[in-house]
Amino acid sequence: MFSNYFLSDLIKGILMGIANIMPGVSGGTLAISFGVYDRIIGAISGIFTDFRKSFRILFPLMTGMAVGIICFAYIMEYLFTACPFPTGMAFTGLILGGMPALWNTWKKSIQIKNNGRTDRLRFLRLLPGYAALFAGSAAMTIFMSAVRSPEQNQVSLQAGINHPSVLFLLGIISAAAMVIPGVSGSLLLMITGYYCGILHAVHSLLEGIRTLDTSIFFENLLLLIPFAFGIVLGIFLFAKLVEYLFQNHAGAVYSAVLGMIAASPAAILFQFRTQTPLTPKDIPAGIIAFIFCFFISKNMEG
């Protein structure tokens, strides 16, 4: 029923799920880097017209994403506290490892044809616009990370965010990370101040399952249900929008995405700027993590 790439897609899904809860990293970015982005968007858009085909494509990827989100949410707080620098370097490696593939995709998207030949004159007219999109998206990515204060990471779900409508809206925002390449939903949640609250709710939900504490389980489940519904709706809404943009303005979209991806390492480093100073073992551990994850990303294209 499933393709020969089931295990590969499952692993890619796990990495994308982890990326979706890593501030400054976009699951959509990794999807492009891994060569599965177009398949995901096409499957989501065609789920009502060809359900079986869409299901075969989405099942391993979405299952992997769920596993990645659940498992990594459980240890995220520990990683941020115990080894922030190696963690950031690992995700930087994942992002930069996919840059060559994305660069080639961008070059293909800007090849403007006229009677079967490349129209260089028209390309040169559009190049300043592409460059502006690249620079603007990179600057915005860095700005969004730089303006976040350390206190914004400490807002709890109990601090006035118990209304289902707010959680639903936050879910729609988070869906951007899964669909729109270069956009980090977790980073947006951090800017609004609710990232740790959502993360803590997921962690507490899993703790309720582990300890068989039904009161903790249902308390956090009720918090997360509207958030989850918002994610599902957001994925379908953004999928249609992104499909239109890639069909009609691929060169411009990829130019903006390249800028966001190029700035993502800076966004990740901003996340750790208030952490304790580096220890002697952090730098070699970070370099190893970077090289290992760069190799994984580089060899998981297509």
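Me: Which helices each supply at least two residues of the lining of the largest pocket?

Reply: First, this is a predicted model, where local features need pLDDT of at least 70, side-chain atom pairs count only at pLDDT 80 or more, and totals for chains, interfaces and linings use all residues. Residues are numbered from 1 along each chain as its sequence is written, and side-chain values use heavy atoms, leaving out hydrogens and water. As for your helices (DSSP runs of H or I, at least four residues, numbered from the N terminus), they're α4 (51–82), α8 (164–179), α9 (185–192), α10 (195–211) and α11 (214–248). With 9 residues, α11 gives the most.

Me: What kinds of residues make up that lining, nonpolar, polar or charged?

Reply: Count Ala, Val, Leu, Ile, Met, Phe, Trp, Tyr, Cys and Pro as nonpolar, Asp, Glu, Lys and Arg as charged, and the others, Gly among them, as polar. Here the lining has 29 nonpolar residues, 4 polar and no charged.

Me: Is Asp9 buried or exposed?

Reply: Buried means under 20% relative accessible area, exposed over 50%, partly exposed in between, with a 1.4 Å probe and protein chains only. Asp9 sits in helix α1 (residues 6–20) and has 2% relative accessibility, so it counts as buried.

Me: Which side chain does the side chain of Asp9 make a polar contact with?

Reply: Look for a pair of N or O atoms within 3.5 Å; within protein, one must be able to donate a hydrogen and the other to accept it, and residues adjacent in sequence count only if both atoms are side-chain atoms. For Asp9, the partner is the side chain of Arg39, at 3.1 Å.
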